[in-house]
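Please read the following walk-through alongside the sequence and the model.

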Amino acid sequence: MQKMWQGRFSADSSELLEAFNASIEFDKELYRQDIAGSKAHATMLGNSGILDKEQSKEIIRGLDLVKEEIESGKFKFKIEDEDIHMSVEKRLSQIIGKELGGKLHTARSRNDQVALDFRLFCQDETKSIANLVLNLIQTLNNIAKSHKDTLMPGFTHLQHAQPVSLSYHMLAYAFMFKRDYERLLSSHARNNLCPLGSAALAGTPHNINRNEVAAALGFDGITQNAMDSVSDRDFALELLFNISLIFTHASRLCEELILWSSSEFKYINISDTFSTGSSIMPQKKNPDVAELIRGKTGRVYGNLMGLLTVMKGIPLAYNKDMQEDKEGVFDSVKAAKTSLVILSEMLKTTEFLEKNMLKACQSGHLSATDLADYLVREQNVPFREAHFITGRCVAMAESLGKDISELNLEELQSVDKDIKADALEVLKLVNSKEARKSLGGTSNQSVEIQLGQIEEFLQTHLK
C-alpha cells in the first residue's frame, strides 16, 4: 500500500520497518486530541481563505464521522497507517474524497500535529490528576478534623520522639499534597500554549492565524519559536516529574499505613474492602493497596528517567526518538489516577485505633524534651546542661522499667534537686503536645490554624 509520504521512494517499506516504525498501537489513545486539533485547523483554514468555507465544513463533518466510528468500535486501526494522524487522515479521505481530505494537511506537519495532540493530552490529564489530588487532600483533612485529640508518637529515625496528634500527622501529608496540586496548576499555566502552525520546524508560508486555533482549543496563547515548538517535550517531563513527586508523598504515606497496620504497631485497621489474604496462611490480612502504590512509585520514576534520557542528546528539531515519549506518560497517568482514587477511598474506610496509639505514647520517653525545656525556662539552666540532666532522668526511668512521664517527684529530684513539682505537669503527654503553640506546631491551637488553612484552600479550589 502506498504511503502518504512515499513520493520520493522507489521501494516499498519492509514489514519489519512497518512494525518497528509504527506508533499506532499506543498513540491511538490521542484520537480525541488529534480530531479536535484537525477541526480547529480546518476551521482556521476556511476563515483564512486557504480553503473555502464549504470545504472547511465538509472536512469537519468528515472528522466527526471518523470520531463516531472510533468511539463505536467500527474503526479499524492498521499498522501500515503508522500513527493516529495518518490513520485519521486516511479514513477522512475515504469519507469525503481524497482530494479534499488531502487539503487538511495544508500549513501543518506531523511534527507540530503530534506536539499539539500530546500537549493537549498532558494538559487534560494534568487537570484530571490535580482534581484527584484535591480529593485526597479533602480526605486527609476530614481525618484530621476528627482526630485533634488523638495522641500518637511522632517519630524521627523511626524512633519515638515527641507526642503529636493524629490530626497533626495527617495534616503533614495534606500540606505535601497541597504543594503537588499547586505544582500541577503551575505546570498547566506554563504549558498552556499552542504549537500548531509551527509546521515541520520553521513555520509555514501560508497566511494562517495561529491565535485563532489556540483560542479554539482552549490555549492561552501560542508558542513563540517553531523549532522549539516541535522539539519541546518539557510539558510531558513536567507531568512525569509532578506525578513522580505525588508518588513520593503517596509512597511515604503508604509505608506508614503498612507499618501502622502491622502487629508491631496496631495503630490502624485497614478495611477488609481494601485488604487481601494469603493463599496459604488463613490468618493473614495484607495491606496490598498500600504496597502496590509503593511499588508503582518505582515505575513512575522509571518513566521520568526514561524520557529525560531520550531527550538529553537530541539535536533540534524533531527526531524519531521522540516517538518514545508517549507510552511512559500514558503509563504514569494511569498509575496516578488509579492510585489516587483507591488511596483516598481506602483512607475513608480505615479505622484508627486510638487506644493503641495512646499506649504507644507511654513508651519512648516522648516528653523528655519538655523536661529539658522546663529546666531552661523555670530554672535558668543552660540547655546543654538541661539536656544532660534530662538524659540522666531517662536513664533512671529505663532502670526502673518506666517511661519518663511516669516518674514521681522524688525520683526526679534524686537526679536533680532543683526539679520542682510543676515538672510533673510538664511531663504529661497531653501537656507536652499542647506546649508546642508555635506556628506549625502540634498544639490544638496551632492545628486549628493549619486546618483553617487547608479548609480555605479546599473552598477556593473545590468546585
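Ser-56 lies in helix H4; helices here are DSSP runs of H or I with at least four residues, strands are runs of E with at least two, and both are numbered from the N terminus. The model is a predicted one, in which local features need pLDDT of at least 70 and side-chain atom pairs count only at pLDDT 80 or more, while totals for chains, interfaces and linings use all residues. Residues are numbered from 1 along each chain as its sequence is written, and side-chain values use heavy atoms, with hydrogens and water left out.

With a relative accessible area of 4%, Ser-56 is buried (buried means under 20% relative accessible area, exposed over 50%, and partly exposed in between, with a 1.4 Å probe and protein chains only). Leaving aside residues up to four places away in sequence, Ser-56 touches Ala-42, Thr-43 and Gly-46, where contact means heavy atoms within 4.5 Å. Other buried residues of H4 include Ile-59, Ile-60, Leu-63, Val-66 and Ile-70. The cover over the buried residues of H4 includes H3, helix H5 (84-96) and helix H6 (98-101).

Two packed helices are described by the angle between their axes and the distance between the axes. For helix H3 (residues 31-47) and helix H4 (residues 53-72), the axes come within 8 Å and cross at roughly 170°. Axes are lines fitted to C-alpha atoms, for helices over the stretch in contact, and the angles run from 0 to 180 degrees between N-to-C directions. H3 and H4 are therefore roughly antiparallel to each other (over 145 degrees; under 35 counts as roughly parallel, 65 to 115 as roughly perpendicular and the rest as oblique). On the H3 side the contact includes Ile-35, Ala-42, Thr-43 and Gly-46, and on the H4 side it includes Ser-56, Ile-59, Ile-60 and Leu-63. The residues of this contact divide into eight nonpolar, five polar and six charged; Ala, Val, Leu, Ile, Met, Phe, Trp, Tyr, Cys and Pro count as nonpolar, Asp, Glu, Lys and Arg as charged, and the others, Gly among them, as polar. The 20 residues of H4 should span 28 Å, and the end C-alpha atoms are 29 Å apart, which agrees; the expected span is 1.5 Å times one less than the number of residues.

Salt bridges are the next topic. A search of the whole structure finds 26 of them, each a side-chain nitrogen of Lys or Arg within 4 Å of a carboxyl oxygen of Asp or Glu. One joins Arg-299 and Asp-331, at 2.1 Å from N to O. This pair links distant parts of the chain, with Arg-299 in helix H12 (residues 288-311) and Asp-331 in helix H13 (residues 326-348), 32 residues apart. Arg-299 is partly exposed at 43%, and Asp-331 is partly exposed at 21%. Glu-434 and Lys-433 also meet in a salt bridge, at 2.5 Å, and Lys-433 is buried at 2% relative accessibility.

Backbone geometry comes last. Most residues other than glycine have a negative phi, and most peptide bonds are trans. The peptide bond from Leu-316 to Ala-317 is cis, with omega near 5°, and Ala-317 is placed in the loop between H12 and H13. Ala-199 has a positive phi, near 60°, and lies in the loop between strand S3 (193-194) and helix H9 (210-216). Ala-199 is buried, at 9% relative accessibility. Lys-266 also has a positive phi, about 55°, and is partly exposed at 46%.
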